[in-house]
Amino acid sequence: MPIRESPAPSVRPSLPPWWLDEALAAEGQASEAPPLEGEERADVAIVGGGYTGLWAALALREREPSARVAVLAAEICGWGPSGRNGGFLNGYWTHLSRLRPLFGDDATVAIGRAAAQVVPAVRAFCEARGEDVWLREGGYLKVSAAPAQDAAVETAIRTADELGVPEEAKPLSREQVAERISSPVFRRGVLFRDGSTVQPARLARALRRAVLADGIALHERTRVTRVRAGAPSTLETPRGRLVADEVIVATNAALAGWRPLRRFLTNFGSYVVLTEPVPELVEEIGWTGGEAVADGRMFVHYFRTTNDGRVVMGSGSGPIGHGGRLDDGRFTGDAATGARAEAGLRRLLPALAGARIERSWGGPIDVSADHFPFFGTLPGARIHYGVGYSGHGVGPAWLGGQILASLALGRDDEWSASPLVRTPSASLPPEPLKRLGGGAIRAATLAVERAEEQGERGPAAARAVSAIPRLLRMPLGTR
Ligand SMILES: Cc1cc2nc3c(=O)[nH]c(=O)nc-3n(C[C@H](O)[C@H](O)[C@H](O)COP(=O)(O)OP(=O)(O)OC[C@H]3O[C@@H](n4cnc5c(N)ncnc54)[C@H](O)[C@@H]3O)c2cc1C
């Protein structure tokens, strides 16, 4: 199914992301933690230096101060998606209507309440550690930007109401939306009050600093090449080995190729464009409250401002991965997705037409078969995992860190009892069907959503194919 593409982007996507440049400049180019050499011993080994691994390390240290914890990160901390995302920090009030059919009413509200601790936890972390991660608690605003998107807004409001938490999803009329951010295409909206934004790489780097300050062993540029399960388990790296009683695997998108989990996971690309500073244009449209904003598409546009008056516009419509491979450019160099993010900026915020695009970058997201993360322990092994954030992991990774710490410590508590400790409710076909099927559905959905933005219905064949995920209760995209 052909995708009618946006014109070429003004700037081709490339790494490093602006966020990481800004964060490293702010910290004065701290030296890297040394790679692992020779053999080391730990009580808990954590693979992955993103939010999940770093929050897990801090939670372990807090709950069991004498535990020897070691983190192995393939690159420097903050290089992966944790340093390149849109910086939307929020819990699960935005996802109630999708949680409900999977988990039931009580567990849905329980997940919402557990995740409501995320923003206060990040705030408390920053205050306690003297960190500035540009935390801005301006709310998360979901807008309808086409008649076909009205339902997404209405469903979010109705579900919060039916679940007895109407205060978490406040309806906004066209005029009320315009008071917060003015656009000719915004029709109505819903405001989730716990939504916030952060400078994502600053958060990752702040967590890294906290890990080092707490005496946790950190080895950067240390890719784990093999995990041998045992009692203890052994992690092999190019120049060393780490022997540990408990292992936490927090490598996110890379797990789509990991045999024990690959039937539940695939990867999609998400890309952003970043404008030059345009504080006067941002003010002209009244967008001074720092709201994180997203439209009602399945392949969502997400947008926010920065401390220096720039606008970040993202598109979760990037290519689908194959067999968990992350190294072939589709997640970092896909100009077509960068162009869609830019086209989104021009359509959704035409008053910013004069804002030049300065940078663009992308990264992989770990999409689970039912679109929510899952945590667990491999049968017969002390190897714990957490993955499947499906493009919404900045806040939930804090939950993930708490859950994984409890699993590794063998605790029986609110975290190990979380409904997110589970097997996903659906599984995906093996490759190449996973990529081919996912690719066909993605192309159809893009065609339909594009037509809907232009007031059309989209080709009948595309509509039929794009309906498949909903019929199978296996959503695609990042909404
Ligand atoms: C462009 C983009 C925009 C996004 N926007 C948002 C947003 O606004 N809000 C939101 O909630 N979510 C967003 N996300 C998703 C969010 O970034 C992720 O869910 C979150 O960062 C996941 O954190 P993590 O620690 O689990 O994984 P990661 O940040 O991916 O960390 C995993 C780390 O493991 C390392 N690793 C992999 N393999 C190995 C190995 N073998 N050995 C050692 N280390 C290894 C990787 O190098 C990586 O650094 C976005 C993602 C992208 C790509």
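**Entry 1: two helices crossing**

I began with helix H1 and helix H8, and I noted that H1 passes H8 in a right-handed crossing. I keep in mind that this is a predicted model. H1 covers residues 18-27 and H8 covers residues 200-213. I looked up their packing and found an angle of about 45 degrees, with the axes 7 Å apart.

Which residues of H1 and H8 make the contact? From H1, I listed Trp-19, Leu-20, Glu-22, Ala-23, Ala-26 and Glu-27. From H8, I listed Pro-200, Ala-201, Arg-202 and Arg-205. I then sorted the residues of this contact by kind: six are nonpolar, four are charged and none is polar.

**Entry 2: the sheet**

Next I followed the strands. I found an open sheet of eight strands with mixed pairing, and I wrote down its order as S5-S6-S4-S13-S14-S15-S12-S16. Strand S5 (170-172) and strand S16 (357-368) are the edge strands, each pairing on one side only. From one strand to the next, the twist averages 20 degrees.

Strand S4 (residues 140-144) runs antiparallel to strand S6 (residues 188-192), and five bridges pair them. As an example, I picked Lys-142, whose bridge partner in S6 is Val-190.

Is strand S14 largely enclosed or exposed, and why? I found that five of the five residues of S14 (residues 301-305) are buried, so the strand is largely enclosed by the rest of the structure. I also looked at which way the residues point: His-301, Phe-303 and Thr-305 go one way, while Tyr-302 and Arg-304 go the other way. Residues on both sides are buried.

On one side I looked at strand S13 (residues 292-294), which is antiparallel to S14 and joined to it by two bridges. Here Val-293 stands opposite Phe-303. I noted that S13 and S14 form a hairpin, with six residues between them.

Then I turned to strand S15 (residues 311-315), which pairs with S14 in the antiparallel sense over five bridges. Arg-304 has Val-312 of S15 as its bridge partner. S14 and S15 also form a hairpin, with five residues between the strands. I looked up Gly-309 in this hairpin and found that it takes a positive phi near 80 degrees.

Note on methods
Residues numbered from 1 in each chain as written. Predicted model: local features only at pLDDT ≥ 70, side-chain atom pairs only at ≥ 80, totals over all residues. Pairing = 2+ DSSP bridges. Helix = DSSP H or I, 4+ residues; strand = E, 2+ residues; numbered from the N terminus. Axes fitted to C-alpha atoms, helices over the stretch in contact; angles between N-to-C directions. Buried ≥ 20, exposed ≤ 12 C-beta atoms within 10 Å, placed from the backbone. Left-handed = near helix turned anticlockwise from the far one by under 90°. Contact = placed C-beta atoms within 7 Å. Nonpolar A, V, L, I, M, F, W, Y, C, P; charged D, E, K, R; others polar.
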